[in-house]
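Dear colleague,

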Amino acid sequence: MTNLILPPATIGIIGGGQLGQMMALAAKTMGYKVGVLDPTAAAPAGQVADFQIVAAYDDQAAIDELAARSDVLTYEFENVDVNALAKHADLVPQGTKLLEITSNRLTEKTFIRDVAKVPVAQFMAIHSAKEFADAIGRITLPAILKTVSGGYDGHGQWSVDNEADVAALLADFPTGTLILEQRVPFKKELSIMVTRDANDRVVFWPIAENVHVNHILKTSAAPAVLSAADTAKIQQIATSIANSLSLRGVLGIELFVSDDHVWVNELAPRPHNSGHYTIEATNISQFEGHIRSITGLSLPVITAQAPALMLNLLGDEIQQAREDFVNHPEWHFHDYGKAAIKRDRKMGHITVIGDDNSQKLDEWSQTHGQR
Ligand code: AMP
């Protein structure tokens, strides 16, 4: 059971980025008060919260202060300092185990394979160049070598397609614990957001099909075009994972599919970028779902009104979108209010509803997208 926390209680969010901002907006609509912890003053979530504590994420005194001023704590990213949060475990319905599992690719993949009993790409832990050399042959090439933590958007990943890649890596081997994964022959990348309510009932959102460019999510289209069998299989996978984790709060599950296989790629212990479309396209957004789950409220079955397309606005793309917004009444335009524009930085997104609008948004992106 989750304690029932009713408005106007205060929800404390660790992390002040766009996910925290959209969580905070959902919570504010429902009448909650929101506090945010982030090192950057006027961070996106701080701009819409009742208060922001400006401090590092692992600053124990700052986490203690947020806990003292909040009735429930949550987080918007996975690299939260678990030890600092553990002290306030009674305020964290999501628990800290979820963070421990998902903050490390090895514990995450092992959990998915052995506990949730869901298929993942074949993988091995690598601690040295020698272990890497020994693993080649046991994991069939092509493969990908990844750092177990801290990597994002393609950072800390090396393609191992052939013997030349192996030799180059052996000559200058990365430090730290790594994971070698078989590269699976997927046809589509998908994601599903899932949560559970106070009675442990599993609730999921429509499956999205995701396109990445340079390892960064570019578009999500939902619902993904899939057979009824694949849809059922993925919903079953989401249910197994959610129940194995005793899930509270929203979990994002990224998957690969081919004609005859589904693999889970990774888990995000929070709402996910590929679920932004739910703000406009479903009865309850992933952010409201997250808030409802951690406050012990009930959740309805999720329904979608029409196909949706979400386009991320990276770097300078936000400037063009700010200008063009006036000519696109069909856009649901989101600008996160970040102070500095940087290449590849997620600055905002656009969601449209309906196939015609999706096609127009695709065309806009082809003409004005970051190159
Ligand atoms: P990740 O950071 O693990 O999400 O990986 C980033 C991207 O690399 C994914 O979205 C895929 O396009 C690709 N990728 C990662 N792992 C695999 C894999 N085991 N097989 C095939 N493609 C992968």
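The notes below take the ligand site, then one glutamine, then a group of aromatic residues.

This is a predicted model, in which local features need pLDDT of at least 70 and side-chain atom pairs count only at pLDDT 80 or more, while totals for chains, interfaces and linings use all residues. Residues are numbered from 1 along each chain as its sequence is written, and side-chain values use heavy atoms, with hydrogens and water left out.

The ligand is surrounded by 16 residues, the closest being Lys146, Gln157, Glu181, Val184 and Glu189, where a residue counts as near if one of its heavy atoms lies within 4 Å. By class this shell has 5 nonpolar, 5 polar and 6 charged residues (Ala, Val, Leu, Ile, Met, Phe, Trp, Tyr, Cys and Pro count as nonpolar, Asp, Glu, Lys and Arg as charged, and the others, Gly among them, as polar). An N or O atom in the side chain of Glu181 lies 2.9 Å from a nitrogen atom of the ligand, and one in the side chain of Glu189 is 2.6 Å from a ligand oxygen atom. A polar side-chain atom of Asn265 is 3.0 Å from an oxygen atom of the ligand. Taken alone the ligand exposes 470 Å², of which the protein buries 92% (Shrake-Rupley method, 1.4 Å probe).

Gln52 is found in strand S3 (residues 51-54), strands being DSSP runs of E with at least two residues and helices runs of H or I with at least four, numbered from the N terminus. Its side chain reaches two backbone oxygens, that of Asp38 at 3.1 Å and that of Thr40 at 2.8 Å.

Turning to the aromatic residues, the count comes to 6 pairs, with rings of Phe, Tyr and Trp (its six-membered ring) pairing if their centres lie within 6.5 Å, and planes under 30 degrees apart counting as stacked, over 60 as edge-to-face and the rest as tilted. Trp331 and Phe333 form a tilted pair, 6.5 Å centre to centre with 40 degrees between the planes. The rings of Trp331 and Trp364 have centres 5.0 Å apart and planes at 80 degrees, so this pair is edge-to-face. Because Trp331 lies in the loop between helix H11 (317-324) and strand S16 (332-335) and Trp364 in helix H12 (residues 355-368), the pair ties together parts that are 33 residues apart in sequence. Trp331 is buried at 5% relative accessible area and Trp364 at 7%, buried meaning under 20%, exposed over 50% and partly exposed in between (1.4 Å probe, protein chains only). Phe325, Trp331, Phe333 and Trp364 form one aromatic cluster.

Notes. Polar contact = N/O pair within 3.5 Å; in protein donor to acceptor, adjacent residues only side chain to side chain.
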